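Okay, thanks everyone, let's get going. Have a look at the sequence and the structure while I put them up, and then I'll walk you through a few spots.

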Amino acid sequence: MANDTKRMSRPLALAAVVAAGLLTPLAVTPFAAAAAPPAPDCVEHFQSWRYTEVHNGCADTVSVTVEYTNGQWAPCRVVEPGGRVTFAGYGTNGNYVTGLRACDPVLVTTGRA
């Protein structure tokens, strides 16, 4: 029985280390987004339980991300003037959008966000 415990503890420890490694970027990202300036006023969002649509009403291309009530990570997306992009909605748990933030897609794709 002692051997069973040893066999079980290694996979559990490995799973815990892997889970911690996967969750670390999620925990760091909201702080980086919170430090970013708000998106321009000409960028609007419309949310439903399934999708959040962001519309760029500006004359210039913008890069935006969405902030949620629970700090959920959202990608940085580039939106051309008059363009629209889709993010996750608020879902069945009511994870509502609290705001739009400007972001740098280069930093996000290289992992330096």
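**Strands and core**

So, let's start with Val 54: leaving out residues up to four places away in sequence, it touches Val 43, Glu 44, His 45, Val 64, Val 66, Gly 83, Arg 84, Val 85, Phe 87 and Leu 100. By contact I mean heavy atoms within 4.5 Å. A quick word on the numbers: this is a predicted model, where local features need pLDDT of at least 70 and side-chain atom pairs count only at pLDDT 80 or more, while totals for chains, interfaces and linings use all residues. Residues are numbered from 1 along each chain as its sequence is written, and side-chain values use heavy atoms, with hydrogens and water left out.

Val 54 also turns up in the largest nonpolar core, which has 14 residues. A nonpolar core here is a set of buried Ala, Val, Leu, Ile, Met, Phe, Trp, Tyr and Cys residues joined through side-chain atoms within 4.5 Å. Buried is under 20% relative accessible area, exposed is over 50%, and partly exposed is in between, with a 1.4 Å probe and protein chains only. With Val 54, the residues with the most contacts inside that core are Val 43, Val 64, Val 66 and Phe 87. S3, S5 (84-88) and S6 (97-102) each supply at least two core residues, and S3 gives the most, with four. Strands are DSSP runs of E, at least two residues, numbered from the N terminus.

Now the sheets. One is open, three strands, antiparallel, in the order S1-S2-S5. Pairing takes at least two DSSP bridges between two strands. S1 (43-47) and S5 are the edges, each pairing on one side only. S2 (residues 51-56) and S5 pair over five bridges, and Glu 53 sits opposite Thr 86 in S5.

The other open sheet of three strands runs S4-S3-S6, also with antiparallel pairing. S4 (77-79) and S6 each have a single partner strand, so one side of each lacks a neighbour in the sheet. Three bridges join S3 to S4, with Val 62 opposite Val 79 in S4.

Last stop, Thr 65, in strand S3 (residues 62-68). Is Thr 65 buried or exposed? It counts as buried, because its relative accessibility is 7%. Its side chain reaches the backbone oxygen of Ala 74 at 2.9 Å.

Terms used
Polar contact = N/O pair within 3.5 Å; in protein donor to acceptor, adjacent residues only side chain to side chain.
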